[in-house]
Amino acid sequence: MASSDEGHEVIVSYWPNRGLVQPIRFLLEYEGVPYDFVFPECGPSPSYHRGEWLSTKHRIMEGFDFPNLPYYQDDKVKLTHMMAIMEYLGRKHHLYPINEIEHSDADLYREELGDQFRSSSAFFYNHGLVKSDVEVYEKHVREKLKQFESKFVKCAGDYCLGERLTYVDFLMYEFVDHMRLAVSSTVLDDCPALKAFMDRFDNLPRIKEYLESPRFSRFPIWSERARLTRSPDNCCSSITYDVI
């Protein structure tokens, strides 16, 4: 497996794209936690075969209950699944709900965002997409972002749960950034509160420093095997035909 660093206590692993790992990396960067990012390598184009990873992951991930990517480990835990890792880091770094209302709102955001990450992944990996599919998906995204906008306004603060930054904000930022990069730069035109949130998050000092560093890249969002999001030129606007 390749590594972007070496020798740190915290290790995070995923494919070399944003996918389901970027909220984890954002939170660690925000907290100033040093970590190694390690990633398996796919085979060559056009199949990008994952055979080497699949044949070695149980050995590499000895001690993990459910070997998979992304994974996170420190001196206390070995975890897989983005949401489990995010909740652990939220508790560990005091970026967690503190009352029943906040817990309920966090649960709701987390489950809805999880659904949207899964559905967007399925969309971007669909190699049969035509222009009409993109138009339908963009309409869905705009409607979903309006729902998030309504919930955000209802929570009445600078962040998803109110006035305090929590682990939920890292998930929200990542999903919305996927949409504004891969679907349309105008998806937030009718969502002023979310747009202000994205600007606010972009300018958190440690996040801003990270975004401007060589450790971060906007693309690829999903892997080489995806139909879309491999590069800025490989997004929804690149599909201009109605039939394959």
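Contact here means heavy atoms within 4.5 Å. The model is a predicted one, in which local features need pLDDT of at least 70 and side-chain atom pairs count only at pLDDT 80 or more, while totals for chains, interfaces and linings use all residues. Residues are numbered from 1 along each chain as its sequence is written, and side-chain values use heavy atoms, with hydrogens and water left out.

Thr 80 is in strand β5 (residues 78–80); strands (E, at least two residues) and helices (H or I, at least four) are DSSP runs numbered from the N terminus. Leaving aside neighbours within four places in sequence, Thr 80 is in contact with Met 61, Phe 64, Phe 66, Pro 67, Asn 68, Pro 70, Tyr 71 and Ile 85. A polar atom of the Thr 80 side chain lies 2.8 Å from the backbone oxygen of Phe 66. Thr 80 counts as buried because its relative accessibility is 7%, where buried means under 20% relative accessible area, exposed over 50% and partly exposed in between (1.4 Å probe, protein chains only).

Phe 197, in helix α7 (residues 192–202), also counts as buried, at 0% relative accessibility. Beyond four places in sequence, the contacts of Phe 197 are Phe 152, Asp 158, Tyr 159, Asp 169, Met 172 and Tyr 173.

**Pockets**

On a 1 Å grid over the protein atoms alone, a pocket is an open set of points where a 1.4 Å probe fits, with protein on both sides within 12 Å along at least five of seven lines; lining residues have an atom within 4 Å of a point. A volume is the space filled by probe spheres set on the points. In the lining classes, Ala, Val, Leu, Ile, Met, Phe, Trp, Tyr, Cys and Pro count as nonpolar, Asp, Glu, Lys and Arg as charged, and the others as polar.

| Pocket | Volume | Lining by class |
|---|---|---|
| Largest | about 470 Å³ | twelve nonpolar, six polar, four charged residues |

Of the 22 residues lining the largest pocket, Tyr 14, Leu 20, Asn 68, Leu 69 and Pro 70 are the closest to its centre. Helix α4 gives the largest share of this lining, four residues. The second largest pocket has 13 lining residues, with Glu 29, Gly 32, Val 33, Tyr 35 and Arg 215 nearest its centre.

Key
A polar contact is a pair of N or O atoms within 3.5 Å; within protein, one must be able to donate a hydrogen and the other to accept it, and residues adjacent in sequence count only if both atoms are side-chain atoms.
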